[in-house]
Amino acid sequence: MKEMNRREFLTLSGAAVVALSLAGCGGPSVPPAPPTSESKEMTLFRAINEVWYEVNKEVVPNPKLDICKSVVYCQEAADLAKFTASPFETYEPEVDKEDFRKWNLPDDVFHEYQLRESEMIEEIRKKYGGGSYRGTVGVSNYTHDGLQLNQLYPSNPSEVREFVRRLAGHGLASPHPEQWMIGLYCPTIKGKTYTVAVMVNFAPI
């Protein structure tokens, strides 16, 4: 048998490694997976941050204050937003008109819903500080027979700006403006896409 020199050995070893790696991933004939499309929530989050500083600058009453220039995405806030919207995805609305829907939940379901929502808010406060939960936008009338989704998904730049104005109120200014966070959930129900947003401000004290 011919004795293999070092160069031949390395060449064959390299070829074997390549062959094994191709076999492990299905071979060269398998095309790479296409990138997944961006979610509605992340698309809206990017659009919000594009105008966030400009809108806040317009509404902050004192120009000397440090203005919130952008928001950070917060998964706990997004989880809360999704839970807050869950009754609307689970139950049929009692009033179902094209421009108005109202949900009526059984008392036991509503109380359980409120309890879990309170627990999730408390979890946010434990992680980010006692005053960190700053509110939920997109849901109104917290009674068992009057839950409503009241914020349609902003579909153009003008609507995004109006939504940011609603989130900002009189402006989000603080000693640490970079600490504002947001979570979004955008369910599509009966052909309409709504938006629920939860605002959080990192406040460790």
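This note walks through strands, salt bridges and a charged patch in a predicted model.

1. Start with strand β7, residues 180-185. Six of its six residues are buried, so the strand is largely enclosed by the rest of the structure. Both of its faces are covered. W180, I182 and L184 lie on one side. M181, G183 and Y185 lie on the other. In a regular strand, side chains alternate between the two faces of the sheet.

2. Next, the partners of β7. Strand β1, residues 72-73, pairs with β7 in the parallel sense. Two bridges make up that pairing. V72 has M181 of β7 as its bridge partner. Strand β10 also pairs with β7, but in the antiparallel sense and over six bridges. There, W180 stands opposite N201 of β10.

3. Which strand pairs with β10 over four bridges? Strand β4 does, in the antiparallel sense. Strand β10 covers residues 196-201, and β4 covers residues 133-137. Y133 stands opposite V200 in β10. Strand β10 therefore has antiparallel pairings with both β7 and β4. Strand β4 is mostly covered, with four of its five residues buried.

4. Now the charged side chains. The count of salt bridges comes to 10. One of them joins K190 and E92, at 3.1 Å from N to O. K190 lies in the loop between β8 (188-189) and β9 (192-193). E92 lies in the loop between α3 (75-90) and β2 (95-97). The two are 98 residues apart in sequence, so the pair ties together separate parts of the chain.

5. Where does K190 find another partner? The side chain of K190 also meets that of D96 in a salt bridge, at 3.5 Å from N to O. This pair again links distant parts of the chain: K190 sits in the loop between β8 and β9, and D96 in strand β2, 94 residues away.

6. Are these three residues buried or exposed? E92 counts as exposed because its relative accessibility is 59%. K190 counts as partly exposed, at 42%. D96 also counts as partly exposed, at 39%.

7. Helix α4 spans residues 107-128. It holds a salt bridge of its own, between R116 and E119. Their closest N and O atoms are 3.3 Å apart. The two residues are three positions apart, about one turn of the helix. Both count as partly exposed: R116 has 29% relative accessibility, and E119 has 37%. Elsewhere, salt bridges with shared partners join E54, E58, R161, E162 and R165 into one network.

8. Finally, the surface. Which residues form the negative patch? They are E94, D107, D108, E112 and D145. D108 belongs to helix α4. Its relative accessibility is 58%, so D108 counts as exposed. That is over the 50% needed for the term.

9. To recap, β7 is the enclosed strand of this note, with six of six residues buried. It pairs with β1 in the parallel sense and with β10 in the antiparallel sense. K190 forms salt bridges with E92 and with D96. Helix α4 contains the R116 and E119 pair, and also D108, which is part of the negative patch.

Note on methods:
Residues are numbered from 1 along each chain as its sequence is written. This is a predicted model: local features need pLDDT of at least 70, side-chain atom pairs count only at pLDDT 80 or more; totals for chains, interfaces and linings use all residues. Side-chain values use heavy atoms; hydrogens and water are left out. Buried means under 20% relative accessible area, exposed over 50%, partly exposed in between (1.4 Å probe, protein chains only). Two strands pair if DSSP finds at least two bridges between them. Patches are made of residues with over 30% relative accessible area and no salt bridge: like charges are joined within 9 Å, nonpolar side chains (Val, Leu, Ile, Met, Phe, Trp, Tyr) within 5 Å. Accessible areas come from the Shrake-Rupley method with a 1.4 Å probe; for residues, only the protein chains shown count as cover. A salt bridge is a side-chain nitrogen of Lys or Arg within 4 Å of a carboxyl oxygen of Asp or Glu. Lys and Arg count as positive and Asp and Glu as negative; His and the chain ends are not counted. The place of a charge is taken as NZ of Lys, CZ of Arg, CG of Asp or CD of Glu.
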